[in-house]
Amino acid sequence: MSINSKAAPVVFNNVTKVYGKDVVAVDNINLKIEAGKLVTLLGPSGCGKTTTLRMIAGLEMATKGSIFIGDSDVTLLPATDRDVSMVFQSYALFPHMSVMENVAYGLGFSGFDKSETKDRAVQGLDLVGLKGYGDRLPSELSGGQQQRVAVARALVLEPQVLLFDEPLSNLDAKLRRQVREEIREIQQNLGLTVVYVTHDQEEALAVSDEIVVMYNAGIAQIGSPRDLYEAPADRFVADFIGEANIISCEIVAVSGDAATINIAGFIHTLPSHGLSVGPAQLAVRPTRLIMNAPSGITVTVQKATYVGSRMEYTFKAEFGTLFSVSENVDEPLKVGQSLTVGLDKIGPVLLPKI
Amino acid sequence: MKPLASLEQPANPVLIFWIAIGLVGFFAVPWYGVEDFFKFEWLIDGYPFDADYAPAAFLLGQAEKLWLAPLILPLLAPFAVLLKRKSDPLYARVLIVAGAIGLGWIILQGFSIGIRGWNFGWLRVFLGDLNDRQYGMGYGGMLVTVAFLFLFTQGIAARGAINGDVFVVSSISGIVVIVTIFVFFPIAKMLTAAFITDVGGYSLSVFASKFFDDRLWGLGCLSGGRCGVAWNSLFLAVLVGLITTTLGLIFALVVTRSGFRYKRALRALTVLPIITPPFVIGLALILLFGLSGAVTTFFSDAFGIQPTRWLYGLPGVLIAQILAFTPIAFLVLIGVVEGVSPSMEEAAQTLRATKWQVFKTVSLPLMRPGLANAFLLGFIESMADFGNPLVLGGNFDVLSTEIFFAIVGAQYDQGKAAVLAMVLLCFTLGAFYAQRFWLGKKSYTTVSGKGDSGMHPHMPRALSIPVLALAMIWAAFTMVVYAMIFYGSVVELWGVNNSLTFKHYFTAFSFSFEESGIRWSGAAWDSFWTTLKIAGIAAPLTAIVGLITAYLLTRQTFAGKNAFEFGTMLSFAIPGTVIGVSYILAFNVPPIEITGTGIILVVSFIFRNMPVGVRAGIASMSQLDKSLDESSLTLGANSWQTFRRIILPLLRPAILAALVYSFVRAMTAISAVIFLVSAEYDMATSYIIGRVENNDYGLAIAYSTTLIFVMLAVVGAMQLVVGKTEIGRRMSQSRTNV
């Protein structure tokens, strides 16, 4: 006997959640989360990501629309009756129960007999590397260990969907990296469907199969980490996922998929993303600016900051400032120096003018 | 796994349970009230065929009380859906209809048919003479009613109310029903009683003549005469409210914000008056300042000052009430004063406010809700206090004593009592509303649940000296008063024969060993055991009702929650005297006929003390992070299992606090009790008041002293238990989910 997965997909059809009379937390979203995938809900605070997660859990009920887990419509089902478990931001370990009792808690309601409950709980603790901690109380564990107990408690139920609500926010930076890798590893080994809420874009990029970027109660973009980073759909996504320089430009010609743009006199050709001739915006990652390029935008160095592994520069251009980083720390540019900055072949993305 | 379980086993055990309860109530338990039910003498005394003890089914079998027959159908109807799934619309419909019809019919027949047959003349006109009668419902009727109620709630839950949560729907309905029956119904009954004429009709002029009586509203005291009792009560209550709030705040400040060394002793001292029946302080004051009081005699001997009766009247009642109610204000305020987050005060200090400015601009405003609550409590307690005005009032009459004499005095005027009780109720409800209005909608919550490691700053020096001095004087005075109580209990006859004796204790509590066992020959034993029994039964019930209400208020959202909260908190603003009067008026006739029984005492304690349980529950439940419940729910527990396995264990200290408090209150209460006691069920407090009225001070004081020690032991024992569980409770829930 071992802990298995009964991973199931989650589908949102036109789901809206309104608090009170007129506070719209989630506005008419459609979403399909495939079985066995780790999907992150990412967005600034107040964007509706936690509400979305809680609607999957059954802790909030959708005001409109329907939610499916696997083949069944769970829209009206309360949390108790859904085959979903959740790891809370605060862990929510029951302080009056030992670690073992915490992990076995849900099993007791799932029709397992005593010995099987115990076996499974032991196995769950084993899986998160806490063998032999069963008799301790949650308060006798470190933050990272408490976190793992919370994960084990959710895992042993073999839920159709496992939910994480900002699980790393109470851990220190080093531990975060370790725990997030552990979570990813367990998810992949067991093939779980995981929905993961975070506001940390780096965390999201690191763990996800797919990221759902939410903004203002709606979905801004859904895609793989690479898609989102390299082909953001709009200015918000470009800005929110990693850093991006947003530059105003003019599309002067479009032929096939390629667009020719003019940035303050500099002519450049790149994929058109379906845009037509007229004003547009260009999103460029700091790493995608090439210094001392043969052709490009003329800038002067306004700030140069040494951060150890690289140099960070702020350039002053005719139309505003550009942020850039360089691996070359040995021969830094000097403040006040002029240079030409070019654009990388891949990376810069055209966005519609707002 | 989880969803499957409910498909394989469609017969819902909860449904079966309530159907069974209904059937037991109808077929096996006596339908009408039986005296001394739990002695089970009725079992061998003609049961089940004797009409007095017969269950409803046997009554019908003998062709009696035929109006109960329509109940059979709704009782059996749920069997039709026993094997149906909850999601089946028929399941919900059958349960709702059966429950509603059953409940409706029980209420209808209960109010229509009374001791004299039809209760309403027009029923006789339409349906002819009944030639039969019925008395108050008993346990059979109660079980059937409860079964109908919960069948009904199962139906509503199955239709999807509150996410189909049977436990929550049932708790809400259960509490709404009992609060309606035992708070709103009696009050409504009392209001109508105020309009009833001597011949039984209704008339506005009767009400007006009683209401505008000069004894009630006269302003004679402005011109040297006597004022109306309403003004007396109001004036006294406002004074008591203001002074107890101030003193309570002073104590709270000394305990939390001064370097005073003997804080624990001070704290213990303030607990004393809570375990003291309120009028005992009045008695002690008489021993000190009465005509033959210790202080009075000392001054007349030493300085030749003529002894006067200055104590009897406003001064005496005021002093006694301040002594009695200051600790209540203290207990309210200590929570608030400690609750002001130290980081707020520290923040203010770093913003260059001086200690005095911090206190004035941050600490004090944040304590505002506590001050308002303390005032309200003092006001209501003073309005409701019955013992002290009776003992010390002299010519200073107040509403509560007037009500008492209207009911038990020679005049026996229920209408007058009702009018007076209404005035009293208006005052307290007015204060209740004024408080809510004053606090407005501002949130003063400063305890965020996040760890707050700061320290409360000490009071500014200019404040701490007078505060400490006042606290000391008060503490010394309290100690003297309690010393007098104890001393008074061992004196032969105060002021006449001051020799020491244990005579009073022997009179009250003597017992002897005989062949048949211990013989409790003391005069006080009867009321003593009754009091312990009633308080012991009432305390756990109060705690249960209070905590479930608190759970619903803090953890669930449902339509009408505000009204629900208001309704459950309302009994907090209803003085005991009013409860007493309204219970007599409401529960002396069928369908609920419980005056003269122990049940009415238990019930009155539950609803008098419930708000305290609710507040204690709310306070500690809001300390528990909501994610605890949520994670339990997502782990497959339902809300009842969550309540039992997560919330209750974590609330153990609050439960014990509620238990102790309701037990102690039940032992010391007098204002409602005095109306509800009977020869068989006499309570300690009313027995003592009776002794006082016969000028038998020695026995009264000895009995009171014993009560104080008994409660001290109980509180001490409880505190030991609480202390033990507290070790197992850790502060691990300091993080909050944003």
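How many Å separate the centres of domain 1 of chain A and domain 2 of chain A, taken over C-alpha atoms? The separation is 39 Å. Welcome to a short tour of a predicted model, in which local features need pLDDT of at least 70, side-chain atom pairs count only at pLDDT 80 or more, and totals for chains, interfaces and linings use all residues. Residues are numbered from 1 along each chain as its sequence is written, while chains are lettered from A and ligands numbered from 1 in the order in which they are written.

**Domains of chain A**

- Chain A splits into domain 1 (10-235) and domain 2 (244-352), with bounds that come from an automatic or database domain assignment.
- Domain 1 of chain A brings 5 residues to the contact and domain 2 of chain A brings 6, where two residues are in contact if their C-beta atoms, placed from the backbone, lie within 7 Å.
- On the side of domain 1 of chain A that touches domain 2 of chain A, there are 2 nonpolar, no polar and 3 charged residues.
- For these classes, Ala, Val, Leu, Ile, Met, Phe, Trp, Tyr, Cys and Pro count as nonpolar, Asp, Glu, Lys and Arg as charged, and the others, Gly among them, as polar.

**Domains of chain B**

- Chain B is assigned domain 1 (10-159), domain 2 (216-465) and domain 3 (518-727).
- The centres of domain 2 and domain 3 of chain B, taken over C-alpha atoms, are 22 Å apart.
- Here 30 residues of domain 2 of chain B are in contact with 31 residues of domain 3 of chain B.
- Elements giving two or more residues to the domain 2 side include helix H13 (278-289), helix H18 (368-384) and helix H21 (414-439) of chain B; helices are DSSP runs (H or I, at least four residues), numbered from the N terminus.
- H21(B) provides the largest share of that side, 9 residues.

**Where the chains meet**

- Between the chains, 30 residues of chain B are in contact with 31 residues of chain A.
- Helix H1 (2-8), helix H28 (626-634) and helix H29 (639-650) of chain B each supply at least two residues of the chain B side.
- H28(B) gives the most to that side, with 6 residues.
- The side of chain B that touches chain A divides into 10 nonpolar, 14 polar and 6 charged residues.

**A look at Leu204(B)**

- Leu204(B) sits in helix H9 (residues 204-211) of chain B.
- Leu204(B) counts as exposed because it has 9 C-beta neighbours inside 10 Å, and the cut-off for exposed is 12 or fewer other C-beta atoms within 10 Å of a residue's own, placed from the backbone.
- C-alpha to C-alpha, Leu204(B) and Gly102(B) are 36 Å apart in space, and they are 102 residues apart in sequence.

Terms used. Buried ≥ 20, exposed ≤ 12 C-beta atoms within 10 Å, placed from the backbone.
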